Amino acid sequence: FEKFDQFADAPDAVEKMRELVLQLAVQGKLVPQDPNDEPAIVLLERVRGARRRLADKGSLKTKVHIPEVEADDQFYAIPKTWLWVPLNELTELVYGKLLATSDLLPTGFPVFGANGIIGCFSKYLYEDEMLLISCRGAYSGTPNISPPNCYVTNNSIVCEFFEPKACDIRFYHAVISVSPRERIVTGSAQPQVTVANAIKLPVPLPPLAEQKRIVAKVDELMALCDRLEAQQQEREKRHAALVRASLARFANAPTPANLQFLFHPSYAIPPADLRKSILTLAFAGKLVSQDPNDEPASVLLEKARTEKARLIEAGLVKKEPWADKLQDATTLYDLPPGWEWTHVSDVVEKVTVGFVGSMKEEYREGGVPFLRCQNVRVNRYEPIGLTFVSKEFHRSISKSTLRPGDVVVTRSGNVGVTCVIPDSLPEANCSDLVIVKRPLALVPAFLSYFINSIAAGEIEAKTVGIALTHFNTQSVAQMTVVLPPLAEQRRIVAKVEQLMALVDALETQLAASRATAANLLSALVAELTQPS
């Protein structure tokens with residue numbers, strides 16, 4: 001607990017501390033043994049005597065007796081003064097009573113179901129607190145302690161200890177909590193615990209006085225865990241306020257220094273959210289300043305349309321059949337002065353598609369690189385899994401040839417993922433990709449960032465008329481895209497890449513910091529739980 005700050009950033013640190021407390025408790029490492037305590041063997045004889053008396057009266061509900069616990073069935077080392085016994089040496093296990101939901105009442109005695117109070121009833125089954133084991137559904141194997149004067153449904157098994165004054169139910173609640181769940185739970189689709197399985201569970205038996213010292217120490221340390229958790233939650237609230245202020249600060253001045261300020265391990269801002277913020281600012285015209293000397297996007301757009309018309313007239317590019325019916329580009333949000341909304345087809349040479357057809361006979365060990373959807377990741381080309389085709393086949397499907405600077409978009413699977421063909425692929429081919437060839441008024445990386453961010457959100461919201469399940473050339477060609485001045489596009493791409501690289505580096509540092517915290521916690525757990 002004194003070292004908690006060193007591993008507080010480890011995932012579920014407080015919860016793991018609680019688990020550790022219980023592990024130490026049931027292994028006899030939480031409090032010292034006292035040679036003056038009544039030995040466990042004497043305690044066991046008292047319990048066996050109580051069981052025999054119940055048997056003589058005919059009060060036992062089950063007469064199954066489980067033999068002694070073998071060494072292979074002992075889950076962990078325990079002190080020499082303790083014993084391993086099967087659970088039914090100490091308690092009789094019985095199912096709760098069936099109670100229909102329609103029989104529940106708004107007031108009365110509490111009714112305990114699978115994992116908590118589910119209502120009230122007119123009578124109770126048990127006057128005292130009882131140790132329960134959930135026996136049906138997702139909570140199967142979970143131990144609980146019922147309140148006094150409680151009705152227990154048949155979704156729980158009740159532990160009726162033969163000698164209640166010889167066993168502390170809170171100690172055995174801890175024991176069952178850390179016992180291997182698979183020892184008593186069967187079934188995956190419909191998990192359950194049967195009495196026949198539960199009675200075989202090996203459990204430790206310490207002297208009664210030590211049981212009570214352990215329970216007191218567990219309560220003390222769990223209360224400390226609660227305080228640590230409350231402190232963490234309060235810290236998270238403060239950090240949330242800091243995060244909001246820091247994000248606003250970054251939005252007003254998106255500098256590396258302000259971005260780095262956001263990367264405190266305790267802020268828990270997902271790096272993906274920071275990347276999204278960077279791109280949102282970029283395409284709102286807030287990442288870099290506008291320069292009044294830049295050529296306006298309206299002039300750039302007109303030049304692109306003129307060039308495309310020339311290419312069509314020269315027969316170098318085919319006119320799209322739907323081009324004349326294309327309506328004005330959608331206005332997704334307000335733009336800075338000098339920017340325009342347009343369609344992808346207005347500002348690129350052409351949009352085409354990769355090869356469509358069977359490929360299983362065409363792949364080769366080497367030759368011309370042949371890209372598929374798996375080679376396209378968000379804003380990056382992925383060479384792992386790259387296949388090849390012969391030069392002859394490549395020449396026969398020249399329509400789907402790829403060159404550096406082309407932008408490719410996945411058509412199926414993770415639809416709409418986009419990247420730029422890098423200089424490392426001077427010539428390639430592809431299938432199942434939409435190809436944006438030779439952007440006339442767009443920096444290729446700018447278009448890739450846009451499709452993977454702003455356009456992706458619009459596609460998901462179905463506001464741009466594109467089906468989510470499959471892309472085609474028309475889908476991409478008619479996509480609305482933001483068009484800043486060309487010089488500003490270049491400044492935006494440079495700034496985005498600078499900040500994204502910083503996020504990558506900070507993410508690596510954050511992961512290393514959290515891994516170190518997790519390793520420290522694991523080392524502490526190993527040190528404290530290793531056999532004496």
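## Confidence

The mean pLDDT of the protein is 87, and 92% of its residues reach 70 or more. Where pLDDT is low, the predicted coordinates should not be read in detail.

## Salt bridges

The structure holds 24 salt bridges. In one of them, Asp37 pairs with Arg213, with the closest N and O atoms 2.9 Å apart. Asp37 sits in the loop between α2 (13–26) and α3 (40–56), whereas Arg213 belongs to helix α6 (residues 208–252); the two are 176 residues apart. Asp37 counts as buried at 12% relative accessibility, while Arg213, at 27%, counts as partly exposed.

A salt bridge also joins Arg275 and Glu507, where the closest N and O atoms are 2.6 Å apart. Arg275 is in helix α8 (residues 271–283) and Glu507 in helix α14 (residues 486–529), so this pair ties together parts 232 residues apart in sequence. Glu507 is partly exposed, with 32% relative accessibility. Because Glu349 lies in β13 (residues 348–353) and Arg438 in β22 (residues 433–439), the pair ties together parts 89 residues apart in sequence. Glu349 counts as buried at 18% relative accessibility, and Arg438 as partly exposed at 41%. Elsewhere, a network of salt bridges links Glu15, Arg18, Asp226 and Glu229.

## Cysteines

A search of the whole structure finds 0 disulfides. Cys150 is in none; the nearest cysteine sulfur, that of Cys120, is 9.6 Å away. Cys150 is buried, with a relative accessible area of 0%.

For Cys159, the closest cysteine sulfur is in Cys167, and the 10 Å between the two sulfurs is too far for a bond. Cys159 is buried as well, with a relative accessible area of 2%.

## Strands β1 and β11

Strand β1 (residues 83–86) runs antiparallel to β11, and 4 bridges join them. Trp84 stands opposite Pro204 in β11.

In β11 (residues 202–205), Pro202 and Pro204 point one way and Val203 and Leu205 the other. In a regular strand the side chains alternate between the two faces of the sheet. Residues on both sides of β11 are buried here: Pro202 and Pro204, and also Val203 and Leu205.

How values were computed. Residues numbered from 1 in each chain as written. Predicted model: local features only at pLDDT ≥ 70, side-chain atom pairs only at ≥ 80, totals over all residues. Heavy atoms only, no water. Disulfide = S-S within 2.5 Å. Buried < 20%, exposed > 50% of the residue type's maximum accessible area, 1.4 Å probe, protein only. Pairing = 2+ DSSP bridges. pLDDT = per-residue confidence, 0-100. Salt bridge = Lys/Arg side-chain N within 4 Å of Asp/Glu carboxyl O.
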